[in-house]
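Work through these exercises with the model in view. Try each task before you read its solution.

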Amino acid sequence: MEIIKVLNRELEIIRAQIIETRRDFHQYPEVGWTEFRTAAKVAATLQHLGYEVQKGREVIREEVRMGVPSEAILEASYQKALKSGITEAELEAFKGGFTGVVGTLRLGEGPTVAMRFDMDAIKLLESAKEEHRPTKEGFSSTCHGIMHGCGHDGHTAVGLGVASILMVVKDKLPQGTIKLIFQPSEEGVRGAKSMAASGVLDDVDYVLACHVMANEPIGKIICASNGFLATTKLDVQFKGVPAHAGATPNQGNNALLAACTAVTNLHGISRHSEGASRINVGILEAGSDRNVIPDSAFMKVETRGETSEVNAYMRDYAYRIIKGAADMHSVKVNINCVGEAIGGKSDDALVKTVETVAHEVNRFDEVVLVSDKPGGSEDFSYMMETVQAHGGQAVYFMVGGAPVDTKGVGHHTSGFDFDEEALIKSASVFLGVIVKLLEA
Ligand SMILES: [Zn+2]
């Protein structure tokens, strides 16, 4: 296992650089489709290292993007990236929210191995408390109300660290092609499908992704997490007719009533027998004043299912209820799908490879093969599906990141934090698995 030793040594050399990169991204968080600064930095780094770089529309299919912010928001975010010191030339390819990057390293005839790293942050106000480590150590978000609250800053830093080491050791690697995929807009499951649809995975034999978990202990690896749920995110707008609530209520068409009818029925959907499911109406806003028949209502809905089939059942049922509720109250309704992910399952053979590497790199004290615990959703499933559909293999593994002395602070909370050692551990697995796959 000579090469594993070489990779481990190289990792130690750039350990500080990986952490520094993560902290830079942490200070400049960008939400889905506005990762202009992040994507430009990633592309520039890959270019500098000597990768063949594809970016923007080359790696994102426009009509498959979901939940894209308004033109005004995209433009404001673009201008902000410009002001941060990124040049127009570096940013141009990403304009309009095409914030994906792929770096390719060709090492002759052999298998193609791809890795996915997500880059986006979330709308969340970062904790200013002194005990919050990014605050204490001076690298917290500089952008009010936006925070890397899920660790994707770390994922992007791992991707660039892996990229840098692969270039250093490339003459020692077996033949094949390596692709590093930097994905926008994982939050809300909006970005992966458009990258898969661009064709960047069509020649890929193996695809890997990893999530750092702040609520699993540092030193633990779960070689395959099969627990992610298929999901659909819907924005629903009801449009009725306003009227005087005292004088002529009969002349109004009540959008608020339609929305309320929908909400109670959505939560009452009879469940599917073949797997767990979820439904949630997370936002409902309606009406304009006390004495006006409400002419508008807006809600944000999501469905989830243990399998794509169970989610499709929930989603289709939800569409019928929403349309039926609108009909009952003679209001118009517009249902907009702003995010969707299918279910996904890692391939056993590739999970085994991750397990073998996890032991060989000697950086883990607890190696768990598979977790089926249902939890969030992850649109990496579209990349898995694309690769598996043409006979390739996929794996999604998780690396624990809770500091030894705590149980960790939850993802998507303002105090979210993780032990950066998890990044080094994650990178070591990516590197080890690449070598194994190219050797095979
Ligand atoms: Zn995440």
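**Exercise 1. Find the order of the strands in the open sheet of eight, and its edges.**

Step 1. The open sheet has eight strands in the order S1-S2-S6-S3-S7-S14-S8-S13, and the pairing is mixed. Strands are DSSP runs of E with at least two residues, helices are runs of H or I with at least four, and both are numbered from the N terminus. Two strands pair if DSSP finds at least two bridges between them.

Step 2. S1 (52-55) and S13 (366-371) each have a single partner strand, so one side of each lacks a neighbour in the sheet. These two strands are the edges.

Step 3. From one strand to the next, the twist averages 20 degrees.

This is a predicted model: local features need pLDDT of at least 70, side-chain atom pairs count only at pLDDT 80 or more, and totals for chains, interfaces and linings use all residues. Residues are numbered from 1 along each chain as its sequence is written.

**Exercise 2. Describe the pairing and burial of S14.**

Step 1. S14 (residues 393-402) runs antiparallel to S8 (residues 220-225), and two bridges join them. Ile222 has Met398 of S14 as its bridge partner.

Step 2. With S7, S14 pairs in the parallel sense over nine bridges. Val399 in S14 stands opposite Val212.

Step 3. Now test for burial. A residue is buried if 20 or more other C-beta atoms lie within 10 Å of its own, exposed if 12 or fewer, and partly exposed in between, with C-beta atoms placed from the backbone. In S14, ten of ten residues are buried.

Step 4. Sort them by face. In a regular strand the side chains alternate between the two faces of the sheet. Gln393, Val395, Phe397, Val399 and Gly401 lie on one side, and Ala394, Tyr396, Met398, Gly400 and Ala402 on the other. Both faces are covered.

**Exercise 3. How do H1 and H6 cross H12?**

Step 1. Take H1 (residues 2-27) and H12. Their axes come within 9 Å and cross at roughly 140 degrees. Axes are lines fitted to C-alpha atoms, for helices over the stretch in contact, and angles run from 0 to 180 degrees between N-to-C directions.

Step 2. That makes H1 oblique to H12. Angles under 35 degrees count as roughly parallel, over 145 as roughly antiparallel, 65 to 115 as roughly perpendicular and the rest as oblique.

Step 3. The residues of this contact divide into eleven nonpolar, three polar and two charged. Here Ala, Val, Leu, Ile, Met, Phe, Trp, Tyr, Cys and Pro count as nonpolar, Asp, Glu, Lys and Arg as charged, and the others, Gly among them, as polar.

Step 4. Turn to H6 (residues 152-169). Its axis and that of H12 come within 9 Å and cross at roughly 45 degrees. H6 and H12 are therefore oblique to each other.

Step 5. Gly154, Ala157, Val158, Gly161, Val162 and Ile165 of H6 meet Leu423, Ser426, Ala427, Phe430 and Leu431 of H12. Contact means C-beta atoms, placed from the backbone, within 7 Å. By class, there are eight nonpolar, three polar and no charged residues.

**Exercise 4. Is Val189 buried or exposed, and what is its phi?**

Step 1. Val189 sits in the loop between S6 and H7 (192-197).

Step 2. Its phi is positive, about 45 degrees, although Val189 is not a glycine. Most residues other than glycine have a negative phi.

Step 3. Count the neighbours. Val189 has 29 other C-beta atoms within 10 Å, so Val189 is buried.

Key. Two residues are in contact if their C-beta atoms, placed from the backbone, lie within 7 Å.
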